[in-house]
Amino acid sequence: MTNRCAVVGIGQTRHAAARSDVSLAGLVREAVERALGDAGIDGREIGAVVLGKAPDMLEGVMSPELYLADAVGAVGKPIHRAYTSGNAGGVAASVGAGLITAGLHARVLVVSFEKQSEARAAGSTLQRVPFEAPWHGGTGSLFAAVCREYISRSGAPADIGDRVAFKERQNALRNPYAQVRRADITLEAIATSRMLWDPIRFLHASPSSDGACAIVLADEAAAARHARPAWVHACAVRSEPPVSPWHDSVDPRAGRDCAGAVYGQAGISNPIRQLDVAELFAPYSWMEPILLENLGFAEPGAGWRLIEDGATTMTGRLPVNPSGGLLGANPIGAAGLVRFAEAAMQVRGAAGDHQVDGARLAVGHAAGGYSNCVAMWVVGSERP
Amino acid sequence: MKAQGAAEAGGAPQVAVIGFASQIRHVSDGSSDAELLAPVIDRALAASGLSRSDIGVVCTASSEFGSGIVGSVMEVFDVLPCWPPVTHSHLEGEGAFALYEAWVRLLAGEADAALVCAYSRPLASDLSALLALQLDPYLVAPLAPRSHQLAALQARALVDSGRYTERDFATVVSARRAGLTLDAALAQPYVASPLRGPDCSTTACAGTAAIVLAADASASRAAGRPAWIAGMDHRVETGAFGARDLTRSASIEEAGARLELRGAEIDVLEVHAPYSHQELIVADAIGGRIGALNPSRGVLPADPLGVSGLIRIGAAASAVSRGGALRAVAHATNGPCLQQNLLCLLERDRRGRLRAGG
Amino acid sequence: MSEPEGRGEHSMSARVRTKYTYEPGLTLSRFLRALGERRVEGGRCPGCAKVYVPPRVRCPACGAGPMTPVPVGDRGTIVSYTVVHVPVAGSPTKPPFAWAWIRLDGADVTFPHLLGGVPVEDIVVGQKVRAVWAPDDQLAPSWESILHFVPVPP
């Protein structure tokens with residue numbers, strides 16, 4: 001990287017099933033104001049804004065960056081729309097980091113949001129029969145097939161998904177921004193909850209959320225004004241075709257290569273030993289062991305053992321999703337940026353009740369499509 | 001494909017357009033997005049002299065809302081050079097902004113060469129009505145104004161300001177639309193006063209464009225003359241179009257100032273003006289000494305929404321690389337009444353990059 | 001900062017109705033017409049010889065194209081599957097039902113389709129399956145010309 005980049009401010013909304021107390025602009029503004037306040041700067045010091053957003057049809061607002069230009073303080077500035085797929089929030093962060101690294105701006109605001117409660121757009125994701133086969137399972141069932149394939153390949157015990165879900169939900173209790181914070185969800189309740197798409201049960205799954213997240217990125221000179229910046233040690237985005245003889249939904253090369261790229265940039269040769277925290281994009285609990293293998297924390301077929309050993313709990317070798325992850329809140333396009341932001345919060349020591357002690361190097365991950373679009377970054381408390 | 005670091009002889013890396021191809025269709029032959037895009041990518045790569053494996057960044061743009069397909073980019077992965085996996089991002093909107101993102105990624109050292117593509121089939125839906133969904137969803141979108149009506153508000157304001165007349169609009173029209181005289185243009189009925197049919201761009205059935213960008217080392221391998229991006233800047237104005245002066249473009253004035261265009265010699269200016277009056281506003285806001293304005297005829301005769309801005313950049317680059325122009329500027333717009341605007345400055349001679357940012 | 005918990009005082013619904021025209025494209029159209037004749041026609045990449053069902057516009061791996069039409073049988077293998085208990089709204093199939101990623105014999109990629117004619121508990125990864133075609137009066141250029149895939153004895 002040419003110019004160094006750091007996170008100097010972070011803001012999130014209280015994620016909820018429906019934030020009917022705010023408009024779209026109000027939701028975004030809530031996150032923006034918190035990020036600017038956390039950075040201790042005036043919006044005028046922001047040079048450019050990047051807005052990450054997954055499908056526009058989910059809110060019924062086309063190119064929302066146009067309507068939101070005022071709410072995010074972008075009038076008279078560049079506002080850039082980032083999307084790609086479910087990794088939109090992570091892609092937005094990578095665009096923001098690129099603007100800093102390329103020397104175009106000293107401070108960039110990256111914002112991502114979702115307010116699905118505003119539109120009933122379920123029809124937009126229906127199968128386009130007769131041009132597509134009528135499997136009518138929905139996006140969740142796509143993940144379920146991946147999980148089923150993983151279980152078949154790895155021999156993972158049936159309770160792994162339950163154990164991850166329990167861990168996520170316990171962690172969410174210590175995250176004031178999470179939507180789902182229920183102490184009454186026991187391991188038993190998870191294991192017996194309604195089956196949605198085998199092997200994914202109701203309590204293995206993320207909720208549908210309204211929410212927004214914003215971060216302030218700064219170059220080295222601007223970051224010098226801040227007490228505890230989270231330095232961006234690495235950032236990468238990788239996509240591959242969803243259909244090809246080599247596409248492996250369980251272990252996609254896009255994920256493996258993205259991880260390899262950020263580890264290489266950050267000088268990480270042993271991810272599980274060198275990283276202190278991981279915030280991974282797992283909309284269903286069964287995705288955790290899959291991602292642990294795909295992103296190089298475990299050998300193929302051994303990801304589930306890390307869960308069995310408790311390695312990914314708050315007191316384990318590699319806490320995964322101390323925020324509660326997507327099971328705590330899943331504002332679709334924003335969830336990727338939330339992972340990136342939560343990683344930064346950890347290395348700034350700013351994660352409050354879900355802080356991992358002594359976290360100095362963390363990874364944030366976002367994914368989308370058919371597991372073929374991935375974004376990741378590594379942030380650290382020390383300058384790279 | 002991997003980052004090469006900032007320092008080359010002459011300072012910071014500079015990026016050039018080294019390949020461009022586009023296609024606009026007025027009639028559908030049943031081709032899908034991927035089928036329309038494939039030959040255009042082939043031609044752009046061939047023109048560039050690079051191969052698929054040289055591409056390290058792919059930035060694409062389309063309108064899912066316009067096509068009705070959530071995740072539509074998945075359908076075109078077949079034809080993108082994304083295997084082995086590369087840096088790829090897709091944006092919902094105008095292709096010129098995907099080019100901006102690719103430019104930034106190359107400047108940041110993510111790769112040496114990028115492919116930028118945009119594709120659009122604006123007649124797959126009633127896009128003029130759907131564009132109302134770009135407006136404030138609580139206060140304005142429910143009024144369901146059609147895009148011609150919004151543009152007409154701006155044209156009306158321009159006429160009322162006394163700076164331009166309907167005759168001036170018709171002058172633009174007759175210059176851009178072959179075979180249409182000024183008087184014939186003025187004789188057409190209004191679609192939304194003071195705009196007549198020919199004042200509004202003719203929506204194409206389908207459009208695709210691809211541009212190959214290369215940073216220094218790869219640009220030196222270009223098959224033709226590179227068109228160097230000396231600077232690029234974009235700005236957005238308020239979403240409340242009632243709160244801005246629609247008769248001028250503050251965002252273009254700002255972008256143009258950062259590129260030092262006012263009073264500068266510009267051999268070719270390509271303006272993305274879906275309405276005739278907007279060409280006047282844009283040219284005024286740039287304020288350069290313009291040699292040729294829209295020698296490509298601009299978008300009035302054929303407008304594949306979402307691709308038109310990227311095509312303007314390609315046309316300006318071609319003017320430099322093949323047409324003998326020393327300096328060309330391309331303009332691209334997004335949003336109602338020129339709300340968001342991008343300017344790209346292309347030059348024949350490589351020089352230090354202008355600092356367009358802040 | 002206090003957290004407002006209430007709901008908005010006013011809400012209104014603004015309907016957006018829009019019609020979309022979908023084009024399957026020339027390549028997929030040819031494949032669908034073949035399905036209407038109870039034929040599965042894949043595409044072989046002229047560059048790397050991989051066979052795609054359905055055929056792609058270009059080979060995602062090597063970029064070559066267009067693909068050469070090649071007949072593919074209607075038997076294959078379950079690569080992965082799931083049992084759907086909660087389908088999307090508007091699904092015509094009553095849950096629980098299963099769908100699978102199926103790789104036909106001779107093809108190098110999978111496609112999704114329904115599984116039928118088997119209790120969902122008896123489905124396993126790796127099972128051999130064959131297509132169950134629609135009756136003559138229901139055949140059309142459509143994926144629904146195949147009703148579903150059913151496991152066959154090994």
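**Figure 1. Chain C of the predicted model, viewed by burial and overall extent.** Of the 154 residues in chain C, 39% count as buried. The radius of gyration of chain C is 21 Å, whereas a compact globule of 154 residues would have one near 15 Å. Taken along the principal axes, the C-alpha atoms of this chain fill a box of roughly 65 × 40 × 40 Å. The secondary structure of chain C consists of 1 helix and 8 strands, and these follow the pattern α-β-β-β-β-β-β-β-β along the sequence. Among contacts in chain C between residues at least 6 apart in sequence, 50% join residues at least 24 apart.

**Figure 2. Chain B, viewed by burial and overall extent.** Chain B contains 12 helices and 12 strands. Its 358 residues would give a compact globule a radius of gyration near 21 Å, and the value of 20 Å for chain B agrees with this. The C-alpha trace of chain B spans about 55 × 45 × 40 Å along its principal axes. Of the residues of chain B, 64% count as buried. Among the contacts in chain B with a separation of 6 or more, 78% involve residues 24 or more positions apart.

**Figure 3. The contact between chain A and chain B.** Chain A and chain B each bring 48 residues to this contact. On the side of chain B that touches chain A, the elements giving two or more residues are helix H2 (64-67), strand S3 (87-92), helix H4 (95-107) and strand S8 (227-236) of chain B. S3(B) gives the most to this side, with 6 residues. By class, the residues of chain B on this side divide into 22 nonpolar, 17 polar and 9 charged.

**Figure 4. The contact between chain A and chain C.** Here 32 residues of chain A are in contact with 41 residues of chain C. Helix H4 and strand S5 (195-197) of chain A are the elements that give two or more residues to the side of chain A that touches chain C. H4(A) supplies the largest share of that side, 6 residues. The side of chain A that touches chain C has 17 nonpolar, 8 polar and 7 charged residues.

**Figure 5. The open sheet of chain A.** Nine strands of chain A form an open sheet with mixed pairing, in the order S3-S2-S4-S7-S1-S8-S11-S10-S9. Strand S3 (79-82) and strand S9 (277-279) of chain A stand at the edges; each has a single partner strand, so one side of each is left without a neighbour in the sheet. From one strand to the next, the twist averages 25°. Ala278(A) stands opposite Val363(A) in S10(A). Helix H1 (residues 24-39) of chain A lies across strand S1 (5-12), strand S4 (107-115) and strand S7 (210-219) of chain A. The direction of H1(A) is at about 130° to S1(A).

**Figure 6. Helix H3 against helix H13 in chain A.** Two packed helices are described by the angle between their axes and the distance between the axes. Helix H3 (residues 88-101) and helix H13 (residues 332-347) of chain A pack at an angle of about 55°, and their axes are 5 Å apart. This angle makes H3(A) oblique to H13(A). From H3(A), the contact is made by Ala88(A), Gly89(A), Gly90(A), Ala92(A) and Ala93(A). From H13(A), it is made by Gly333(A), Ala334(A), Ala335(A), Gly336(A), Leu337(A), Val338(A) and Phe340(A). The contact of H3(A) with H13(A) has 8 nonpolar, 4 polar and no charged residues.

**Figure 7. The enclosed helix H10 of chain A.** Helix H10 (residues 287-294) of chain A is largely enclosed by the rest of the structure, because 8 of its 8 residues are buried. A residue is buried if 20 or more other C-beta atoms lie within 10 Å of its own. The buried residues of H10(A) are Met287(A), Glu288(A), Pro289(A), Ile290(A), Leu291(A), Leu292(A), Glu293(A) and Asn294(A). What covers these residues includes helix H4 (139-154), helix H5 (160-172), helix H8 (253-266) and helix H11 (303-308) of chain A. Just after H10(A), Gly296(A) takes a positive phi of about 85°.

Definitions and conventions: Residues are numbered from 1 along each chain as its sequence is written. Chains are lettered from A and ligands numbered from 1 in the order in which they are written. This is a predicted model: local features need pLDDT of at least 70, side-chain atom pairs count only at pLDDT 80 or more; totals for chains, interfaces and linings use all residues. A residue is buried if 20 or more other C-beta atoms lie within 10 Å of its own, exposed if 12 or fewer, and partly exposed in between; C-beta atoms are placed from the backbone. Helices (H or I, at least four residues) and strands (E, at least two) are DSSP runs, numbered from the N terminus. Two residues are in contact if their C-beta atoms, placed from the backbone, lie within 7 Å. Ala, Val, Leu, Ile, Met, Phe, Trp, Tyr, Cys and Pro count as nonpolar, Asp, Glu, Lys and Arg as charged, and the others, Gly among them, as polar. Two strands pair if DSSP finds at least two bridges between them. Axes are lines fitted to C-alpha atoms, for helices over the stretch in contact, and angles run from 0 to 180 degrees between N-to-C directions. The radius of gyration is taken over C-alpha atoms; the globule rule is 2.2 Å times the number of residues to the power 0.38. Angles under 35 degrees count as roughly parallel, over 145 as roughly antiparallel, 65 to 115 as roughly perpendicular and the rest as oblique.
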